[in-house]
Amino acid sequence: MLKIKNLKSSIGEKEILKGINLNVKPGEIHAVMGRNGSGKSTLANMIAGKETARITAGSIVYKGEDLNEKTPEERAMDGIFLSFQYPVAIPGVNITYFLKEALNAKRRYFGKNELDAATFLKRIKEKLELVDLDVSFIKRSLNEGFSGGEKKRNEILQMLMLEPDLAILDETDSGLDIDALKTIAQGIQKYKSPQRSFIIITHYPRLLNYVKPDMVHILIEGKIVKSGGPELAIMLEEKGYTWIEKK
Amino acid sequence: MSLDFLKEEFFRLLERRNFEPDTLTQLRKQSFNQFLEKGFPTQKWENWRFTNLNRLKSKTFRTAGPEDIPDDIPDLEKYKISGINTIVIVNGYFQNKLSSFPEGIIIEPLLDYINSNPEKIDNESPNPFYNLNISFMDSGIAITIKKNTVINKPLRFIYLFTSLQDNVMFSPQIHIICEENSSAQILEQITGNIKGTSFFNLVGTLTLSPNSSLDYSRIIQDNGVSNQFADFNVLQEKDSRFSFFQYSEASKISRLDLNCDLRGEGSECDLMGLSLSDRSNHSDNHIWINHHASHCRSNQFFKSILKNESSGVFNGRTIVHKETQKSDAKQSNKNLLLSKKAVMNSNPQLEIRTEDVKCTHSSTTGELDDDALFYMRSRGLDLPRSQALMVRGFALEELKYVRNKNIYDYLLASLESWLK
Ligand SMILES: Nc1ncnc2c1ncn2[C@@H]1O[C@H](COP(=O)(O)OP(=O)(O)O)[C@@H](O)[C@H]1O
Ligand SMILES: [Mg+2]
């Protein structure tokens with residue numbers, strides 16, 4: 001599904017990613033862990049097509065195609081989804097209007113006709129229930145005045161509606177209380193399938209107690225210094241990052 | 001427009017209107033002299049620093065005459081807003097057959113009103129366009145909302161322009177008197193298929209008696225070819241509530257002077273506007289509020305969206321006078337630049353001469369936020385669509401203050417077609 005080879009990137013003069021290798025197969029869940037500032041969001045944003053960081057070496061190949069020349073919207077059409085660490089507020093654009101536009105853009109791309117209002121509403125109501133949000137929520141402007149939990153639920157709601165093949169969740173678990181965390185985990189569990197892959201970025205192993213990863217990668221200063229099975233997350237919880245750094 | 005030409009036009013007007021009573025003729029003459037003393041503003045004037053009037057001054061505008069009454073009835077379907085009454089004025093001429101009137105409101109032609117209340121016209125103004133209007137005032141209405149009357153249906157007067165090929169000057173006046181405990185919504189619309197460059201120079205005098213409420217909106221859609229000047233003076237007595245909303249689509253030059261005097265305790269005003277500018281058009285909003293009494297609340301909230309090489313000015317000033325208490329004053333101006341060549345001058349000012357006041361002011365001018373654009377694109381919207389949605393959202397944040405659903409829907413449709 002996703003093959004990242006020796007990816008290096010810089011923001012301005014500063015090198016952020018220093019040779020990342022990552023191979024995600026269909027149906028797999030990969031966890032990327034690391035401290036603040038290690039480059040996790042940069043990696044996520046680059047897969048989704050943000051141009052803040054510039055590729056200096058290596059490649060990102062998705063479904064057999066190099067992503068380098070693709071716009072963020074083309075990547076979205078091809079099934080990439082990023083749940084943002086810090087979703088931005090977009091005043092005056094309400095969730096319903098926005099999701100309808102996004103969904104229909106995707107349907108048009110695949111030659112399907114647009115969803116009628118009733119079907120859309122039925123579908124979004126089902127998904128709202130999954131992430132434990134009220135119907136009135138979708139009348140609100142995107143991320144405006146949302147609590148931390150609402151922002152993250154809204155990201156998962158969009159994932160459930162847009163049905164991506166590769167979902168990258170950038171610290172979707174941060175700042176959530178235990179109930180919200182369970183709700184989010186439940187959303188991910190429901191969505192999991194043998195065709196769909198996840199990259200779960202986090203710096204706490206907490207979420208991984210609910211969503212079991214196939215692989216765990218530890219990112220330190222722009223490099224994956226260690227990869228392993230789920231037991232790596234448990235070790236990390238017990239011993240902290242210094243344990244790896246010392247090695 | 002040379003002053004000599006204006007003088008000739010003025011004498012022609014006096015001749016044509018030789019039936020008018022002497023008081024009115026004198027009023028015109030006085031005003032015209034005041035105008036001549038000041039002349040057109042230049043950019044050296046403090047209140048006109050960012051507005052270049054050369055495009056207006058270089059043209060000549062004749063006054064409208066009976067020959068401008070159109071032969072055929074214009075198609076009003078395009079401007080239909082359901083659930084409201086409409087008074088139709090075509091090329092400056094009132095159209096009785098096309099109009100519908102609400103009950104509980106007295107509507108008089110302006111000149112009748114002035115003849116019976118000559119003292120109602122105030123000749124003093126720092127604004128030469130005001131003096132010019134009084135000198136040339138042609139069409140106009142006076143509306144009185146009777147004591148204790150609540151008018152539920154909005155009343156619109158639509159200034160419709162058709163088939164004018166050359167440059168014409170219009171000088172209408174609007175007087176609205178809200179008597180005690182009355183309430184009304186009034187909508188002014190300036191629109192039509194404007195071809196020649198017209199110069200529309202309007203004066204509005206709005207009086208709100210104790211505990212009255214007036215919701216006044218303006219819609220200006222002139223194909224971006226006319227010059228729109230308006231000078232509104234609002235007087236608010238005790239516990240009155242005034243709200244103002246201007247939706248304006250690019251005129252060549254548009255200038256709004258809105259002066260709101262909170263004279264009576266407990267009076268409140270919300271002054272809002274959305275200016276949409278494109279090409280090389282220029283829009284200028286001067287919003288003045290005076291808190292003369294205690295327990296008053298005022299709010300200015302203006303937005304503009306500027307495309308291409310257009311430019312704009314927001315100059316808001318709220319003065320909270322000495323010896324007033326518990327005042328609440330807010331000012332906000334937000335501008336979205338959609339082109340590198342668009343320019344905005346924003347200057348919200350609070351002038352506080354007392355201690356007991358709660359106030360905030362803010363001003364932001366910028367381009368579309370890259371992070372927000374990336375967010376939308378990452379969901380599959382292409383760049384133009386993402387931009388369109390954001391711009392629409394920016395405008396909706398202002399438009400949502402239009403409380404009447406039918407007027408809101410009409411404006412939303414206008415906005416969407418402007419954005420295309
Ligand atoms: N827009 C930016 N401009 C400059 N530096 C940035 C920018 N975004 C991130 N960085 C830097 O890149 C590094 C990695 O940041 P980030 O990818 O956000 O880390 P993480 O998500 O792991 O906390 C940090 O040193 C951060 O300061
Ligand atoms: Mg991060």
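Entry 1: I looked up Gln85(A) and found it buried, with a relative accessible area of 13%; buried means under 20%, exposed over 50%, and partly exposed in between, with a 1.4 Å probe and protein chains only. The model is predicted, so I note that local features need pLDDT of at least 70 and side-chain atom pairs pLDDT 80 or more, whereas totals for chains, interfaces and linings use all residues. Residues are numbered from 1 along each chain as its sequence is written, chains are lettered from A and ligands numbered from 1 in the order in which they are written, and side-chain values use heavy atoms, without hydrogens and water.

I then found that Gln85(A), through OE1, and Ser41(A), through OG, coordinate the magnesium ion (ligand 2) at 2.0 to 2.1 Å. Donors are N, O and S atoms within 2.8 Å of the metal (3.2 Å for Na, K and Ca); water is not among the atoms, so sites may look incomplete. Ser41(A) is partly exposed, at 21% relative accessibility.

**Entry 2: the nonpolar cores.** I recorded that the largest nonpolar core has 118 residues, and that Leu2(A), Ile47(A), Ile199(A) and Leu399(B) have the most contacts inside it. Such a core is a set of buried Ala, Val, Leu, Ile, Met, Phe, Trp, Tyr and Cys residues joined through side-chain atoms within 4.5 Å. Helix 7 (residues 383-399) of chain B gives the most to this core, with 7 residues; helices are DSSP runs of H or I, at least four residues, and strands runs of E, at least two, numbered from the N terminus. In soluble globular proteins, nonpolar side chains tend to be buried together.

**Entry 3: the cysteines.** How many disulfides are there over all chains? I found 0, a disulfide being a pair of cysteine sulfur atoms within 2.5 Å. The sulfur of Cys260(B) has its closest cysteine sulfur in Cys269(B), 3.9 Å away, which is too far for a bond. Cys260(B) is buried, at 0% relative accessible area.

**Entry 4: the aromatic rings.** My search of the whole structure gave 30 aromatic pairs over all chains. Rings of Phe, Tyr and Trp (its six-membered ring) pair if their centres lie within 6.5 Å; planes under 30 degrees apart count as stacked, over 60 as edge-to-face and the rest as tilted. Phe10(B) and Phe32(B) are stacked, at 4.2 Å centre to centre and 15° between the planes. Both Phe10(B) and Phe32(B) are buried.
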